[in-house]
Amino acid sequence: MSRSWFPPEELASFDRYSASRLLRLLTILQSQPIVLVLGAGVSASAGLPTWNELMAKICQVFLYHWQSDIACGRATTARPPKNLSVVFTDREEFTDPGSYDILALGEEFARSNPVLAAQQIKNCIRALDWIWLLRKCLYGEADSKPIHHSALIDRLGALCVEGCVQAVVNYNYDSVFEESLSAKGVQFTVLSETQQAVRRGFLPIYHVHGYLKRGGGPKTRIVLAENDYHEDLAAPYSWSNLLQSSFLMRSTCMFIGTSMTDPNLRRLLRSAFAVGKRFHYAFLPSNSGSPKGAMLDALFDEDLQSLGVSSIRYPSGTAAEPSHAWLPRNVDWLMEHRKRSHH
């Protein structure tokens, strides 16, 4: 029996559902701009840490400095430190801190409950040192040196150049995407607080979890620790919640580099879909290389549908070609076919 006509040959690497959703997204792009929603995977494509890697490093640095203070007699294991001084963050500078592997302990601590771990560490460090620690763990040497080229960020920037994007919601703290836009000559305004105004003719980029500009910049509230998320949950009419809800109800959003597991995002999606019934699209890696992986993908995707999000599963990767290498191709395909429709 011959292969079914769908998906078409050019989308043969996608399953039927993902191919169909990609075509629906293309139809929307051909008629109106979308809201681009960026998660940690986008920044990771430029060499910055993923969410899990960032949390692990924060935990490792904190535990190392605490253990060092214990070794020097300035602290004990009985009580956590107060106003702990964090001197350096590069793991290459770590020396043997004691009888156990502090790096492994930090990874284990971060895995247990990342948001709670962040809160517990934040309790022990001065507010100014907390922001310094986040910046150092986020950027490392990249805070003052060039970052890796990212084909994904380059293609997403091209979407903005082509006028396909009406706004960007950036869940990342870093400024890597903005730097790419600057290099392309795109005029934009970064907004991370309610009193800021959108400039006419400028692409608005909303950092709803806070902003840590590479090389230094304005101080903003950072949403990372448990209490930060609780404040957001307790303030449904806060700037960031109202902003996201408005986009989710009135625009089509394209999620890139996010796992779609953030509790606050899922809450906003559920509320917005109940009112606006508008569907959005999320690019997610496929685990269909095995029957069990396919089952878990199907379970997750069905739940996303109930929140108004259609998942587009791109092929799982190999050592030679990681899965995220497919994302720039997906964006290229969308731009190429959008241009054809306008000729």
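A residue is called buried when its relative accessible area is under 20%, exposed when that area is over 50%, and partly exposed in between. The exercises below apply this scale to a predicted model.

**Exercise 1. Determine whether Asp228 and Lys122 are buried, partly exposed or exposed, and state how their side chains are related.**

Step 1. Asp228 has a relative accessible area of 4%. The cut-off for a buried residue is under 20%, so Asp228 is buried.

Step 2. For Lys122 the relative accessible area is 26%, and Lys122 is therefore partly exposed.

Step 3. A salt bridge joins the side chains of Lys122 and Asp228, with a distance of 3.1 Å from N to O. Because Lys122 belongs to helix α5 (residues 114-122) and Asp228 to helix α9 (residues 226-234), this pair ties together parts that are 106 residues apart in sequence.

Step 4. As a general principle, side chains of opposite charge can pair when their charged atoms come close.

**Exercise 2. Classify both partners of the salt bridge between Arg126 and Asp129, and of the one between Arg155 and Asp154.**

Step 1. In the salt bridge of Arg126 with Asp129, the closest N and O atoms are 3.0 Å apart. Arg126, at a relative accessible area of 45%, is partly exposed, whereas Asp129, at 14%, is buried.

Step 2. In the salt bridge of Arg155 with Asp154, the closest N and O atoms are 3.3 Å apart. Arg155 is partly exposed at 24% relative accessibility, and Asp154 is partly exposed at 25%.

Step 3. Arg155 and Asp154 also belong to a network of salt bridges that links Asp154, Arg155, Lys184 and Asp332. The model has a count of 13 salt bridges.

**Exercise 3. Describe how strand β1 is covered, which way its residues point, and which strands it pairs with.**

Step 1. Strand β1 comprises residues 34-38, and five of its five residues are buried.

Step 2. In a regular strand the side chains alternate between the two faces of the sheet. In β1, Ile34, Leu36 and Leu38 point one way, while Val35 and Val37 point the other way.

Step 3. β1 runs parallel to strand β2 (residues 165-170), and five bridges join them. Within this pairing, Leu38 stands opposite Asn170.

Step 4. β1 also pairs in the parallel sense with strand β5 (residues 253-256), over four bridges. Here Leu36 stands opposite Met254.

**Exercise 4. Characterise the largest pocket by its volume, its lining and the elements that contribute to that lining.**

Step 1. The space in the largest pocket is about 1000 Å³.

Step 2. Its lining consists of 41 residues, and those nearest the centre are Ala40, Trp51, Thr258, Ser259 and Thr261.

Step 3. Among the elements that give two or more residues to this lining are helices α5 and α9, the two helices that hold Lys122 and Asp228 respectively. Others include α2 (40-44), α3 (51-71), α11 (263-276), β6 (280-285) and β7 (309-314).

Step 4. By residue class, the lining divides into 21 nonpolar, 16 polar and four charged residues.

Notes. Residues are numbered from 1 along each chain as its sequence is written. This is a predicted model: local features need pLDDT of at least 70, side-chain atom pairs count only at pLDDT 80 or more; totals for chains, interfaces and linings use all residues. Side-chain values use heavy atoms; hydrogens and water are left out. A salt bridge is a side-chain nitrogen of Lys or Arg within 4 Å of a carboxyl oxygen of Asp or Glu. Buried means under 20% relative accessible area, exposed over 50%, partly exposed in between (1.4 Å probe, protein chains only). Two strands pair if DSSP finds at least two bridges between them. On a 1 Å grid over the protein atoms alone, a cavity is a set of points where a 1.4 Å probe fits but cannot get out, and a pocket is an open set with protein on both sides within 12 Å along at least five of seven lines; lining residues have an atom within 4 Å of a point. Grid points are joined across faces, edges and corners, and a volume is the space filled by probe spheres set on the points. Ala, Val, Leu, Ile, Met, Phe, Trp, Tyr, Cys and Pro count as nonpolar, Asp, Glu, Lys and Arg as charged, and the others, Gly among them, as polar.
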